[in-house]
Amino acid sequence: MVDPVGISTRAALTSALHALYEADGRSYLDLAAASGVGQATIHDMAAGKSFPQWKTLRAVLLTYGIHASALEPWRHAHTRAKSDNAHGLGWPLEQIDDPFVLEVHRPITLDTKTVLPPLPPYVPRAHDRKLAKVVEHARSGVSAMAVLVAGSSAGKTRALWEALAPLRTAGGWRLWHPSSPTRRDALATELGRVGPRTVVWLNETQEYLGHGSGGDEQAATALRDLLTDRDRAPVLIVGTLWPLHHDTLCRVQGSQARALLQERAIEVADCFTGADLDAAGAAAGSDPRWAMALERSSDGRVTQYLAGGPELVARYRFSLSAAARAIVEVAIDARRMGHRNALPHALLETAAHAYMAGDDWDALGEDWFERALAETSQPCRGARGPLTRIRPRPVSSRTGTPGYDAASSGPLYQLADYLEQHGRIARAEKIPPIPFWEAAATHAHPGDLTALGNTAWVRGLYRDATQLWKNATQHGDIDAATQLIRAFRYMQARDERPATWAATHAHLDNPTGVAGLVEALRDMGLTEQLETLATRTATSTPLDDPGGAAQLLDTLRGTGLTEQLETLATRTANDALLDYAGGVARLLNVLRDMGLTEQLETLATRTGNDTPLNDPLGVVELLDTLWDMGLTEQLETLATRTATDAPIDDPGDGAVLVDALRDAGLTEQLETLATRTAIDAPVDVPGGVAALVDALRDTGLTRQLEILATRTITDAPVDVPGGVAALVGALRDTGLTRQLEILATRAATKVPLDYAGGVAELLDALWYTGLTEQLETLAARSPATNAPLDNPSGVAQLLRALRHTGLTEQLETLATRTATNAPVDSMFGVAVLLHVLRDAGLTEQLETLATRTATDTPLDNARDVARLLETLRDTELTRQFETLATRTATDALFDNAGSVAELLDTLRDMGLTKQLETLATRTATDIPLDNAGDVARLLDTLRDTGLTDQLETLAARLPAAGMFQQFLRMRGDDPGKFWFGREPDGAEAATWTWDDLTHIQISLTSTNRTRITWSRPISPY
């Protein structure tokens, strides 16, 4: 028997529990039945994936045969392990004194004898203040996360490094940077070991979350779970993203990645302006690197210069040899097309010849490739060179994971991110040549083959895409398998060999992906391959994602393969992990719809006992599902656990749980939960407290409502006027007059006036509630003169509130301030302001603001410009209208094709023909083509307005932008043309078949300068 006396760390407790499990000999299912603890929970405890609460651990220890009288030493061991982070993941934060190991950019160097520190002095900016608040939350004991969003070399990683200073001072914190064998693998395998007071460092966050695959969603879910895990709090998760990566990850409504990132992103300005530029000037007095950056950088892009960015671009454009420039361009294209920034030696070497002119290729020496790599790796003013070798870090031998990236077939190289950013723009109109794609099919990282295939397909390179997907399928990628058979269905419907290849080679570790492949085979009537895949799936697909398992079962239901369906359903009911309540609810619904009563009851029983309660919305969905199915016993079990154990760290979460128990008619559990929330729910978020007040009021539980209201009036902060307004409105409907008046009085005298919109909401709430005295108190503090004008929409809201509450004098004061001093950098907000001033009859202020707007507002959002033009027309401000229309046509810089289409429609409808043509001509050549739907709308607009030249100019850009299908629709060619795709040079591809998709055998060494004969002609480059 294991002795608990020597256990003082989490790792030691995990080892002890694993030893007890091995000695017991029973399965997790049997142990779950004996202990009343979920099998997934027991598994995760023994595997070190989660840290148990004491009551859970106690139940499991009793099941292992440890007598109750012997539990006290185990309880002490649990307490020691819970507080342990001395040997957790990562390193003690105070011992990490090298910022460059965390990927902070090395700064430029100067030819000076003065010894300079490794980093220039830091100049804090607006994002640092927001980031400091997040770090303070973590320091005070609350898990938190922040992701800085900006372009390359804008100072994101340096800001994170500087922000950790309070945690270094506090002591007891560790920092973990998951990186080996790959970033994503390290996060997936080790995140469960993260303990309290750990900083999880996710620089280049997209490398951990990817672009929306099932595995990526699991990573986002795991990070969200970590943030809500009270047993591991506090943790601080920090990361960085480029804007395009942030937009990609947040594009899918309802995705886990969007839920994780959207409210935790902090924008970092790419440029220094105003007071920040003055502060940088002060830093230049103590560090000549700042002085040089300020003198030589343009448009305030100071940090980019400090990181050597402009020097990198200059070296790439003007100084590199032909061979060195060629391999840099291969690297740029690989990154543009979807390869990770760990580029294989063989990929660079094999494709480089196609990026050189014939004379340059023939003039190369014997060791041309090594010489070119040495050239690209030379530091640039002390910063990293354009393309440098990277060495994957070894990982701890305790994990049993290989020390290096086993998928790599040789040395790996990293492209400087500033140069990548430049290359994405400079080469946006270029499609990589044939040798690039053939080299990628053979040498790219297996995990990137599918992404590369996707980018080839949308550019019309059908043969290259299917070759990449075939190879990815051989490596087990289920999404590639689906893409492969759908592509062949489109081109060569009678050839079933791709489907057979997919059904036999695809890995089954992603239930959502397997469902997609099943659906594709079913839709194509490929019965034999479907049965092969379904048989493999029924017995082998892992069941660690209940939502994915639900989707897979639902898809199999439509195939008629009853035996495989029942096998999978039984496995799912008995063994599926229940770590996501919303997914479990969907799984129960699928089993009910299939009529599988026995499996449904089995799963429902496990659900009531085992489902984690850390996702309130998922728990609500699950409670509703059990109630709807009439599974009363399981419903009550889950409800009882929810009432006593569900976390109530957020009053808004407590509100939705209270509503769910009320709707289910579970009176006893409802009262228990309501009492807990009334007594323990934090009241530091007034908006969430307002929702909880509403929920308790609707239950009729007066005692709990009064307890919460009494706590709220004394403890709730009044520093967010909009939240306080919501709380005033909620208390108004409860009849708790005394508490309402006390809160309103506090708010009227103490609420800050630094957000005009929130103050407007509070004025409205006090007015509607009839709290005249408090309204007058708030008005006496003169929001009209003290409210800032930096948010035009909020100022418009305040103007409306002052008008309808009868505060006429303050209305005119604020209107005059607004007309002369309000910033006009938000066109949408200014348009709202103009409408409010017109409706209030404030003509003089209206014209003043309109004149400033027409000449000074930045033209960076086409949709808002359209609205602003309509506003100026509607208010009959003709002079300002014409000024803005002319500026828009000649000077506007837009980055969204859909909103530009709206603006062009507006100009056409207004009869502004000259401005329409001018803007359309600029748009056709300059608009970024990053969203197919928006571009389709722009094409339609150009066609409808009869702007043929601009339409053709834009259409010619489509294939390189990955919009080949739109290009075909625009051309209206013979449907048979481009049936087999195109080549990178635009020529129609020759007929090819499955037999042509083979691994290309390439024999190329660094001493061989003979041009290679490929399997099809090399297009001109």
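Predicted model: local features only at pLDDT ≥ 70, side-chain atom pairs only at ≥ 80, totals over all residues.
Is glutamine 206 buried or exposed? Glutamine 206 is buried, with a relative accessible area of 5%. The cut-off for buried is under 20%.

**Glutamine 206**

Glutamine 206 sits in helix α10, which covers residues 206–209. Its side chain has a polar partner: the side chain of glutamate 204, at 2.9 Å. Residues from elsewhere in the chain also touch glutamine 206. With residues up to four places away in sequence left out, glutamine 206 touches Arg184, Thr240, Leu241, His245 and Leu249.

**Glutamine 634**

Glutamine 634 counts as buried, at 11% relative accessibility. Which residues does glutamine 634 contact, leaving aside neighbours within four places in sequence? They are Glu601, Ala604, Thr605, Gly608 and Leu626. Leucine 727 lies 93 residues from glutamine 634 along the chain. The C-alpha atoms of glutamine 634 and leucine 727 are separated by 35 Å.

The table sets out the geometry of each pair.

| Helices | Residues | Axis distance | Angle |
|---|---|---|---|
| α28 and α29 | 511–523 and 527–540 | within 9 Å | roughly 155 degrees |
| α50 and α52 | 878–891 and 913–926 | 7 Å | about 25 degrees |

Take α28 and α29. Their axes cross at roughly 155 degrees. Angles over 145 degrees count as roughly antiparallel. The two helices α28 and α29 are therefore roughly antiparallel to each other. The crossing of α28 past α29 is left-handed. On the α28 side, the contact is made by Val514, Leu517, Val518, Leu521 and Arg522. Helix α29 brings Gln529, Leu530, Leu533 and Thr537. By class, this contact of α28 with α29 holds six nonpolar, two polar and one charged residues.

Now α50 and α52. These helices pack at an angle of about 25 degrees. Angles under 35 degrees count as roughly parallel, and α50 is therefore roughly parallel to α52. Their crossing is left-handed. Which residues of α50 make the contact? Ala885, Thr886, Thr888, Ala889, Thr890 and Asp891 do. From α52 come Gln915, Thr918, Leu919 and Arg922. The contact of α50 with α52 divides into three nonpolar, five polar and two charged residues.

Terms used
Residues numbered from 1 in each chain as written. Heavy atoms only, no water. Axes fitted to C-alpha atoms, helices over the stretch in contact; angles between N-to-C directions. Helix = DSSP H or I, 4+ residues; strand = E, 2+ residues; numbered from the N terminus. Parallel < 35°, antiparallel > 145°, perpendicular 65-115°, else oblique. Left-handed = near helix turned anticlockwise from the far one by under 90°. Contact = heavy atoms within 4.5 Å. Nonpolar A, V, L, I, M, F, W, Y, C, P; charged D, E, K, R; others polar. Buried < 20%, exposed > 50% of the residue type's maximum accessible area, 1.4 Å probe, protein only. Polar contact = N/O pair within 3.5 Å; in protein donor to acceptor, adjacent residues only side chain to side chain.
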